[in-house]
Structure formats: C-alpha cells, structure tokens
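Notebook open, model loaded. I'm jotting down what I look up as I go.

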Amino acid sequence: MEEEACYRAVSSKDARHDGVFYTAVWTTGIYCRPSCPARTPKRENITFYPTAAAAQGAGYRACRRCRPDVAPGSPEWNLRADLVGRAMRLIGDGVVDREGVAGLAARLGYSERHLSRELHAELGAGPLALARTQRAQTARLLLQTTDLGATEVAFAAGFASVRQFNDTIREVYAMTPTELRARQGRRTTERGVIPLRLAHRQPFDAEAIFDFLALRAVPGVEEITHGPHGRSYRRTLALPGGPAVAEVDEPDRPQGWLDARLQLTSLRDLTMGVQRLRALFDLDADPVAVAEVLGADRHLAPLVAKRPGLRSPGHVDPHELAVRAVLGQQVTVAAARTLAARLAERYGVPLPTASGGLTRLFPSVAALADADPADLAMPAARQRALRGLCAALADGSVRLDPGVDRDEAGAALLALPGIGPWTVSYIRMRALADPDAYLPTDIGVRHGLRAAGGGTDDADDADPDAWRPWRSYAVHHLWAAAGEAQSEARTRTKTPRSDANRTNAHRANAHRSDENRTNTKTGTSK
C-alpha cells in the first residue's frame, strides 16, 4: 500500500487492514494496528511497516491498548505464490522453530542468503526476526493463560535460552515476563488446556463454516457438540510433539474472534496448532476484498449480498484432506464419511485417553499406503489411486506442506493414476489454502450458476476469470446457492414439515459433497 492510503486507513480506524501493515509512532516508541482506538498521530510522526518484526527491529514495542500481536494475519500470504509468500506460510507454521533457517531454505529450494535477502528487501526483517516475533506472541499467550514457570514457557515457545526469552519479552512488550503475566490473562480451569481467541476480520459467516464442517465430520476424529451457548467443533490433531485435541466454539453474535481451546501433548506445538486452526476456518481472509471483486459480477452479486463473510475452509492436515478427496469420489458425503470413519477405526492411532467422542487420529498416509484392499470399499481403480497417492505423499515425491509451490504440487498430483483436474483443484483449495482454485466441471458450480440466474442456464455465460484472485470463494458461494435451491425443491415436493425439521433439512443440504463431483482421470463431474 502507498503511505497516504495507509494513513487514511489509520485515520478511519479501518480494522480491515489489521495485520496487513503496522503503524509505528516515533514520538511514543510504540507500534499499533491500524484500528488502534488511540488518537490518530500526526502524519509526520508515523512510519509504516509491513510486519511486526520490522517494527520491532526498528526499536518499537507493541501497543498495550490495541495489542497488534493478536491481529489477524495478512491475507497476502495465502494469496501470493512467490518465494516471500511461501516463506511466510512456512514461518507461520513454525518451521524455523523446528528446523531452523537452513530447514526453511531447503524446503523452499533457495540458499539461506538469498532467502534472507528477499525477506529483508520486502518485509524489513529476516526469517529469524520473523520467527522471533512469533515466539514472543506464543510466550505471551502461555504466560497469560497457563501456570507454567518462566523456564517452561521459554522453551515451549521456541526460545533457545531463558535469557533470550527475557530479553525478547522486555524488548517487545516493555515488561518483564512476571509483569506481563500479571496483566489481564484468561486462565483456564482445565489442566493442560490452553484457551485461545482466534482473531478474524468481519464479516464472518460462522454458521456456514460450522455447517460445512459438521456435514463432513468423521466419527472418532471429529465431532460437533451442543452446549448452552451453541455448537462447538472438536477434532484430533497429529502434531510433531504428539496428539492434540482442538475445540472451537461457534459465536452466538458477531465478534472479531473465535473462542477456542487446545489440549497439547507438547506445548512446543502451540504455534503449529494455532496456525492449523486458523487455516481450517480461513481466519486470515479479507472478506471485504473478496466481496469487492465477486460482488461486481452479475452472477455472484446476489449470492455475496446474501452471505457476507462466507469463508473458504482449509484443513488442519493436507495429507488427510487429500485422502478424503479420493475417498469421496463419485459417492455421497455420508458414504465418504462412513468410509473415512472405517479407515480411521482400522488404521488410526488411538488417543492415550478418549476425549468425548474423539478417540483417534486420522490414519497416516504411510499406514494407508499399505492398507488391506478388503478395507477399501471402493472400485479397484480408486483403490489404486488412493494407495498411489498415499505412497507418493509418504515418500515425499508429492509435497503438500504450506510452503510448496502450488503449481508444482498440482502437476505432481495430476501425474498420479486416478487423480483428475477436479481433485487437484479441490486439494489446492482446501489443503493448500489457494484462494483462487476453480472447479469448472463441477456440477454443483453449474447448478449454483443456474440458481443465481433465476432458473436459466447461465453457466456458459459466466466469466470465471473475472473472479480472480478469489475463485475459491466463488465456488463456495455457488455450492451454497445450489444446496439451497435443492433444499427448496425438496421442500416443495414433500409433505410440509415443522420449522425445526425444515431447518435441519436446510443444514443437511446446504453444502453438497465436495468429494463426489469428479470422475477420476477425466476430471468430469458426477
């Protein structure tokens, strides 16, 4: 953004830009998010930075009022496919903490020197500084939500030493760890459970994304529970330090965050766990930017107006998503879920202790690559496709990690037997968080276009290129429109039911199967 545009956003307290850039005020020595409620500083006193790490590197500390470290992430990192965008996705996933800068550079296929030069040139900070900022945020969260000692917090957050931890906390927050812990933290009453507030930009269609996940929840791995304040989505996570359980509440009113809880085997997995949940719920999206593009199209404008803030759900495990995409080819959502549940029961690793209805992790691709054909209730060709995909993912010949080049990953998937264009696009959309994946042969997309056109077949008249770079969101709008039209048609042809039954029917049909719309290598719809 140009600096004058940045200043206009700061003057109007525009929360849409929180996380996109940061405002540093040299007269106070602090940096803020654009929507900080404090009085707007004079233009000559402000410097703008693309990252919090850059502001910290210039000697500024985080504002205690607007808490810039808990702003949503920039939507740019999912949108961009270049080196910097890929690097930021991997840093956000905690790769630097686990593998160091050398591991990050190796994953991206560049030298450490070149990578650092590119990040410094564009973001004002190198990979170590960016990871250090993330560690400080994790440490603050642990200090304010757990009773762990400072030493445990330091190493759980990824710091190499307690001294480095203390120095960083003082530098970033202008407080000691003890002073930071004394500030308004939300302590959990359940041992080992870390409460979270996952920030996002408004508007946010929570009902739609919870409906989407509920319809696809695999028993034993995922579940939807109902409490006094509404629904909660719960699932198991396979993280480097051991299994984890995540729980996210559906908000009962508009707010800028989702309440969540993480129960971890190792606290070092906190950063990764948070990032996986953010990807699942698409919390770094910019719904205003999406609506500006899609709302200008005559086919999509009424759909966008009807469902503001509709998200494009990602996933917590790209390997699991890829497996489930193949399992669901040419079958209903219910059938795909049943098959996934059987495989989870047979090949998934049980949790040490069950948590409600959650009993196990989803099977690893290594385990499924050697699965007994008798356990795969599908045609032989699809069995070969599934086992071939799992073998390629297990041996690394196909990569789906957050920093992978999406075009290269798509080409590698397409080269596998039984994997067609639809499946590749769907994996890109959900497993790789690609905001611009499109499914031109999808029957749900065509039905959605027909529904949006008032019953006329407008599919051939649409211009998907005009929806770039947000075609994944267009797909979800069209799926929602197709599901609603289908539900209304069924309602008209059946005996009238109670309001409660009609609501349940609408939710059950709100999203058609995203795993049953493609044939194998041809990529045609079913």
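Which residues of H15 meet which residues of H18? I find His-319, Ala-322, Val-323, Val-326 and Leu-327 on the H15 side, and Arg-382, Ala-385, Leu-386, Leu-389, Cys-390 and Leu-393 on the H18 side. Contact here means heavy atoms within 4.5 Å. By class, I get nine nonpolar, one polar and one charged residues for this contact. For the classes, Ala, Val, Leu, Ile, Met, Phe, Trp, Tyr, Cys and Pro count as nonpolar, Asp, Glu, Lys and Arg as charged, and the others, Gly among them, as polar.

Ground rules before I go on. This is a predicted model, where local features need pLDDT of at least 70, side-chain atom pairs count only at pLDDT 80 or more, and totals for chains, interfaces and linings use all residues. Residues are numbered from 1 along each chain as its sequence is written, and side-chain values use heavy atoms, with hydrogens and water left out. Helices (H or I, at least four residues) and strands (E, at least two) are DSSP runs, numbered from the N terminus.

**Helix pair geometry**

I checked the axes of H15 (residues 318-327) and H18 (residues 380-395): they come within 10 Å and cross at roughly 170°. Axes are lines fitted to C-alpha atoms, for helices over the stretch in contact, and angles run from 0 to 180 degrees between N-to-C directions. H15 and H18 are therefore roughly antiparallel (under 35 degrees is roughly parallel, over 145 roughly antiparallel, 65 to 115 roughly perpendicular, the rest oblique).

**Five-stranded sheet**

I traced an open sheet of five strands in the order E5-E9-E8-E7-E6, with antiparallel pairing. Two strands pair if DSSP finds at least two bridges between them. E5 (193-199) and E6 (222-227) are the edge strands, each pairing on one side only. From one strand to the next, the twist averages 25°. E5 and E9 (residues 257-263) run antiparallel and are joined by seven bridges; Ile-194 stands opposite Leu-262 in E9. H12 (residues 270-280) packs on this sheet, touching E5, E7 (230-239), E8 (242-249) and E9. The direction of H12 makes about 45° with that of E5.

**Second largest pocket**

I get a volume of about 670 Å³ for the second largest pocket. On a 1 Å grid over the protein atoms alone, a pocket is an open set of points where a 1.4 Å probe fits, with protein on both sides within 12 Å along at least five of seven lines; lining residues have an atom within 4 Å of a point. Grid points are joined across faces, edges and corners, and the volume is the space filled by probe spheres set on the points. Of its 30 lining residues, Ala-238, Arg-276, Asp-317, Pro-318 and His-319 are the closest to the centre. H5 (95-108), E7, H12, H15 and H18 are the elements that give two or more residues to the lining. Which element gives the most? E7 does, with five residues.

**Four-stranded sheet**

I found another open sheet, with four strands in the order E3-E1-E2-E4 and mixed pairing. E3 (46-49) and E4 (61-62) are at the edges with a single partner strand each, so one side of each is left without a neighbour in the sheet. E1 and E2 (residues 30-32) pair in the antiparallel sense over three bridges, and Val-25 has Ile-30 in E2 as its bridge partner. H1 lies across E1 and E3, running at about 105° to E3.

Most residues other than glycine have a negative phi, and most peptide bonds are trans. I noted a cis peptide bond between Gln-202 and Pro-203, with omega about 0°; Pro-203 is in the loop between E5 and H11 (206-216). The bond from Arg-468 to Pro-469 is also cis, with omega near 5°, and Pro-469 is in the loop between H21 (443-452) and H22 (471-493). Lys-13 has a positive phi, near 55°, and lies in the loop between H1 (3-11) and E1 (22-25).
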